[in-house]
Amino acid sequence: MPFDLQPNLKGELIRLRPLKPADWDDLFAVASDALIWEQHPESDRYKEDVFRIFFKDALESGGAFVVIDNDNQQIIGSTRFYGYDPEKSEIEIGWTFLARKYWGGRHNQEMKRLMLAHAFKFVENVVFYVGEKNIRSQRAMEKIGAIKIGMATRAYGNHPPTRNVKYLINKP
């Protein structure tokens, strides 16, 4: 069975559905908060021209989602599956951001739990890459049980490559 990179996933707090071009306004309204990106390697992603590249790449990836709050039906962020490698039985979860109102709570944990449960129907390993200076996201990874396994260099948008911490969660 092929990996479905954009299923509709629903939890108690949020639901994930495939990103659509019509989501631009609502998603950029969330992403335009500069504080979301202050520790990210692409710290200017709150700017419209920079976010347009991110949004275009997300649509083209075939694995991007919007995150919707079940209480108010508002888009509160985005995430994606990326880099499916059937040989390694591996997929990446990344490019995740949430509105600050949803930081540090159960929303990110539920999002990752939904995505991991789906991914583990197809792969044995899920990897995450977090900017070396993005301490907030590193803590979030550790909170969901991800294990730090090393460093990697990644490029984001039009920025030079930067060092990232690589995390792994194995299928239970």
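I looked up Tyr82 and found its bridge partner, Glu92, in strand 5. The model is predicted: local features need pLDDT of at least 70, side-chain atom pairs count only at pLDDT 80 or more, and totals for chains, interfaces and linings use all residues. Residues are numbered from 1 along each chain as its sequence is written, and side-chain values use heavy atoms, without hydrogens and water.

Next, the strands. Strand 4 (residues 75-85) and strand 5 (residues 90-98) run antiparallel, joined by 6 bridges. Strands are DSSP runs of E, at least two residues; helices are runs of H or I, at least four, and both are numbered from the N terminus. Two strands pair if DSSP finds at least two bridges between them.

Contact means heavy atoms within 4.5 Å. Angles run from 0 to 180 degrees between N-to-C directions, and axes are lines fitted to C-alpha atoms, for helices over the stretch in contact.

Last, the helix pair. Helix 1 (residues 24-31) packs on helix 2 (residues 48-61) at about 125°, with axes 11 Å apart. Which residues of helix 1 meet helix 2? I found Trp24, Leu27, Phe28 and Ala31, against Glu48, Phe51, Arg52 and Phe55 in helix 2.
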